[in-house]
Amino acid sequence: MLVDVRINGYKNPIGYQLEDLRVSWVVEDARGSVQKNATIEVSEDEDFKTLLFEKTDCSFSQTGGLIDIPLKPRTRYYVRVTITTNQDDQGVGVAFFETSKMDEPFESKWIASLEKDTFHPEFQKSFHISREIKSARLYLSGLGMYYALLNGKQVGNEVLTPYYSDYHTEVQYQTFDITLQLKQDNTLTVMLGNGWYKGKFGLARQENNFGNRFMLIAEMHILYCDGSEEVIASDDSWLYHSSCVESSSIYDGEVINYLQNHQEKEWTKPEYISPEGRLVARYSLPVVEKDELSVKDVIITPKNETVLDFGQNFAGYVSFNTYLPKGTKIILDFGEIMQDGCFYNANYRDAKSQFVYISDGRQECVKPHFTYFGFRYVRVTGWLGSVNKDDFKGHAIYSDMPTTGHITTGHEKINRLFLNALWGQKSNFIDFPTDCPQRDERLGWTGDAQVFTGTACFNMYTAPFYHKFMHDLRVEQEKYDGIVPGVIPVLDPNGPIFSSIWGDIATFLPTELYEHYGDQTTLRQAYPMMKDWVDKITKEDQKRGQQYLYNFGNQLGDWLALDGRTEQSMNGGTDEYYIGSNYYAMSVQKVANAALLLGYSDDASYYLDLYDHICQAILHEYFTPSGRLSIDTQTGYLVALYSGIYPNREKIIEGIKTRFYKDCYKLKGGFVGAPIMCKVLAENGLSDLAFYFLLNEDYPGWLHCVDLGATTIWERWNSVLDDGHLSGTMMNSLNHYAYGSVIEFLYRDVAGFKPLAPGCQKVEIAPLINQKIKHMHMTYDSPYGQWDISWQIKDNGKLHVSITIPFNASATLILPCHPKGEIGTLTSGTHVFEYMPVEDFRARYTKKTLFNDMMKDPEAMKIIERMSPLLQYFLTTGNEDFYYESLDTLMGMSYLGFKQEEVIALGHELVKLHD
């Protein structure tokens with residue numbers, strides 16, 4: 001059967017921008033294993049009696065079969081896909097899509113409250129219906145944000161509409177099916193809030209960045225059963241007055257004051273005013289309440305304040321059912337962390353982050369309309385009587401994306417790390433990828449988004465979410481001569497941040513999307529953005545005589561790395577121009593590869609030649625004649641291995657090993673080095689080091705944050721100090737997903753899932769086994785269906801591996817330490833292997849294990865004390881240099897009295913330790 005049939009990545013979309021129409025599908029429970037052909041049919045009739053499109057093609061891809069038909073505005077189309085397998089069984093799936101108004105002019109007008117009225121307005125229109133309704137649609141937008149009620153019930157279930165756009169250029173409208181909400185007598189009410197459009201927003205925290213007036217446009221199309229149609233449009237027959245929302249702000253929160261409703265209010269006619277940007281059909285996925293969280297604990301602090309602990313840092317808001325007397329004022333303050341047992345949110349900087357509710361005695365479920373918060377803790381002020389856990393509910397909001405990847409292991413802290421990254425993604429994927437959800441920022445920093453893309457695409461189905469984000473990026477790029485800004489929107493009067501890593505999202509994101517989802521149309525749409533980004537760097541380089549290096553401008557480099565001037569420095573110690581030049585090369589290479597795929601042969605030749613020149617320039621500028629890298633930092637070596645630009649790979653590997661040794665195996669990387677560290681090490685034969693850094697619980701490291709109570713990913717390695725205090729408030733978020741990029745290493749390397757063909761139709765499966773992890777189970781819902789990979793170290797030393805491959809997909813399997821090595825190609829179905837590996841994976845330690853790890857193990861220390869008193873002496877007398885030695889390095893220390901035969905004997909005993 002066919003499931004998950006999507007149109008341009010959406011499920012049954014209504015009112016979206018639908019360029020280059022295509023359909024995708026997933027096959028389950030088929031008798032055959034391979035798709036032989038597919039038939040796509042399109043009709044305006046649900047029964048498909050009259051076909052507008054019909055095509056059978058053996059080359060139709062599950063990831064995007066193209067449909068070529070002219071579309072009419074405000075029309076529903078049905079799509080039927082029928083596939084035949086190699087066993088001649090068939091499966092059928094049906095979906096629909098409904099067009100927006102397209103180029104059809106709006107009959108309605110933008111209406112606005114008067115300029116003198118600074119309150120939050122509530123617009124209203126009442127109307128009567130006397131005929132039987134067949135269908136009804138509402139096309140609606142409001143600035144800054146709108147919240148619509150039809151006959152007292154919310155229209156749809158979305159929040160923060162009409163979402164973020166560059167409002168100077170465009171404003172999105174949404175389409176709602178209101179057929180079942182209409183009655184004979186109807187009232188449509190639309191409340192407006194400040195939002196991104198006119199509220200406080202941006203690094204300068206200024207207001208009115210895009211406009212300074214509240215306004216809305218609404219157009220209702222009602223189709224009656226007799227075939228007639230009625231349009232109810234926003235015009236000067238609508239009326240408005242002040243709403244119960246007294247103030248609203250993305251950063252500061254919201255005040256709802258129902259006592260205003262008991263004051264005399266005069267209904268006022270609106271005036272006609274249009275925004276600067278043109279009105280366009282939606283790109284944005286719905287942002288909705290996705291997860292409901294219960295209060296884990298009610299805390300009475302030393303200051304006698306009442307604080308709710310939800311046990312999880314997330315983005316959204318809190319609701320409560322009120323039966324409060326008239327005049328009761330409830331204040332909710334939001335924070336990420338407690339300090340000395342008390343509520344704290346100084347790291348929110350200028351963001352007030354507060355929800356205030358003033359009751360008029362009504363009974364209702366209370367929650368804000370025009371804001372959201374990033375938080376774990378909520379301070380409650382003004383509540384009458386004792387606060388109970390059940391009085392409040394937390395609502396996590398994010399763009400409506402299904403979770404596609406899941407990982408569980410035998411290491412509970414790794415499981416928590418996975419959840420931390422997933423919650424970081426949920427918290428920051430609210431219409432566009434933001435840096436953080438809590439403080440006075442919440443901006444589209446492109447560097448954070450770039451490094452996290454691989455993990456994001458495994459965790460969730462991100463294709464339509466990123467489609468909107470790439471549209472936003474392109475809108476900004478076209479203003480700035482090819483620059484993809486370091487942050488959007490660009491509100492700085494000095495212009496955009498022009499920096500590698502950040503701007504390289506232009507090429508890295510489309511490439512990642514093509515690998516995960518296999519949609520060549522998306523790559524083609526993104527190609528101008530990719531090309532213009534690298535061309536901009538090239539043009540700036542040509543102004544200097546073309547050095548073929550990106551060694552100019554103020555670049556952000558290895559942001560927040562620990563090898564800067566101090567551990568609190570924003571800039572890391574790796575030469576930012578070296579980083580920039582390598583990413584320039586990689587971006588040019590990605591453009592060349594895209595050109596080859598898309599058939600742009602002249603472009604491909606040009607960019608391949610440019611790539612060769614850049615590589616030669618990097619080798620000349622940053623490597624010694626003997627092949628050593630002159631940038632002697634962890635991130636420097638990692639970038640070399642990641643880009644593949646070096647004269648001698650072995651010298652880079654030796655260089656990074658020496659650098660780690662000199663750094664006492666302390667992680668130093670920032671936003672460049674840390675996200676790629678583990679996967680780059682694993683892919684270059686250094687998986688022991690990859691696992692060491694992943695599993696290290698000392699500072700700095702991923703699990704150190706987990707040990708300190710992190711439930712999301714932190715902005716800094718030292719965001720929270722060991723004593724539980726925040727390290728600072730200037731730039732310190734506890735919900736910043738960039739370092740969560742390490743989860744890609746779990747998918748690609750620990751589970752061993754490496755895509756070889758677009759859409760993950762073919763993959764290499766080569767898992768890495770680690771005794772501390774014990775077992776690994778990964779599932780990933782790819783465009784071809786669910787992949788399921790698990791491995792387990794059994795008590796008898798055997799390795800159990802199970803792999804399920806979806807329909808129409810295949811895998812090359814390389815089993816770790818299997819006597820035969822590569823197993824070969826596997827096709828659709830479940831495959832189970834159990835064998836005795838040539839290496840004992842039960843062993844706690846190997847000859848490469850650092851003594852720092854063994855020192856925490858009493859059994860290991862007893863063996864060391866018995867077999868090598870000299871080593872025990874060095875480890876127990878505070879000689880920290882020896883903490884970061886291993887049996888391997890001890891072999892070369894005969895000058896200190898270590899005999900090789902004794903070290904070998906010690907190793908034999910240590911590897912016998914099993915859990």
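**Entry 1: two helix pairs**

I began with helix α5 (residues 505–517) and helix α7 (residues 576–598), which pack at an angle of about 45° with their axes 9 Å apart. The model I am reading is predicted. At that angle α5 and α7 are therefore oblique to each other. I also noted the hand: α5 passes α7 in a left-handed crossing.

Next I looked up helix α11 (residues 673–682) and helix α12 (residues 687–695). Their axes come within 7 Å and cross at roughly 150°. Angles over 145 degrees count as roughly antiparallel, so α11 and α12 are roughly antiparallel to each other. The crossing of α11 past α12 is left-handed.

**Entry 2: helix lengths and cover**

I checked helix α2 (residues 412–428). Its 17 residues should span 24 Å at 1.5 Å a residue, and the end C-alpha atoms are 24 Å apart, which agrees. I wrote down that α2 is mostly covered, with 13 of its 17 residues buried.

Then I turned to helix α3 (residues 446–459). It has 14 residues and reaches 19 Å from its first C-alpha to its last, close to the 20 Å expected at 1.5 Å a residue. Where is the kink in α3 centred? I found it on Thr453, and the kink is about 60°. For cover, 14 of the 14 residues of α3 are buried.

An α-helix has 3.6 residues a turn, so residues three or four places apart point the same way.

**Entry 3: a sheet with mixed pairing**

I traced an open sheet of 5 strands, and its order is β2-β8-β7-β4-β5. The pairing in this sheet is mixed. Which strands stand at its edges? They are β2 (14–16) and β5 (51–57), and each pairs on one side only. On average, neighbouring strands of this sheet are turned by 30° against each other, direction ignored.

Strand β4 (residues 35–43) and strand β7 (residues 76–85) run antiparallel over 8 bridges.

**Entry 4: an antiparallel sheet**

I found another open sheet of 5 strands, in the order β13-β12-β15-β10-β18, with antiparallel pairing. β13 (153–154) and β18 are at the edges with a single partner strand each, so one side of each has no neighbour in the sheet.

I looked closely at β10 (residues 121–128). It is joined to β18 (residues 239–242) by 4 bridges, in the antiparallel sense. It is also joined to β15 (residues 185–193), again antiparallel, by 7 bridges. Which residues are the bridge partners of Glu122? In β18 the partner is His241. In β15 the partner is Met191. I also noted Gln124, which stands opposite Leu239 in β18.

**Entry 5: two residues and their distances**

I picked Asp707, which lies in helix α13 (residues 702–707). Its relative accessible area is 36%, so I listed Asp707 as partly exposed. Asp707 and Lys413 are 294 residues apart in sequence, yet their C-alpha atoms are 8.1 Å apart in space.

I then picked Lys754 in strand β38 (residues 753–755). Is Lys754 buried or exposed? Its relative accessibility is 16%, so Lys754 counts as buried. The cut-off for buried is under 20%. Lys754 and Gly202 are 552 residues apart in sequence and 39 Å apart in space, C-alpha to C-alpha.

I started from the rule. Most residues other than glycine have a negative phi, and most peptide bonds are trans.

I looked up two cis bonds. The peptide bond from Ile488 to Pro489 is cis, with omega near 0°. Pro489 sits in the loop between β37 (487–488) and α5. The bond from Tyr699 to Pro700 is also cis, with omega near -5°. I placed Pro700 in the loop between α12 and α13.

I looked up two positive phi values as well. Phi of Asn12 is near 45°. Asn12 lies in the loop between β1 (2–7) and β2, and at 33% relative accessible area Asn12 is partly exposed. Phi of Asn808 is near 70°. Asn808 is found in strand β42 (residues 799–814), and at 12% relative accessibility Asn808 counts as buried.

Key. Residues numbered from 1 in each chain as written. Predicted model: local features only at pLDDT ≥ 70, side-chain atom pairs only at ≥ 80, totals over all residues. Heavy atoms only, no water. Pairing = 2+ DSSP bridges. Axes fitted to C-alpha atoms, helices over the stretch in contact; angles between N-to-C directions. Expected span 1.5 Å × (residues − 1). Bend = angle between axes of the 7 residues up to and from the residue. Buried < 20%, exposed > 50% of the residue type's maximum accessible area, 1.4 Å probe, protein only. Parallel < 35°, antiparallel > 145°, perpendicular 65-115°, else oblique. Left-handed = near helix turned anticlockwise from the far one by under 90°.
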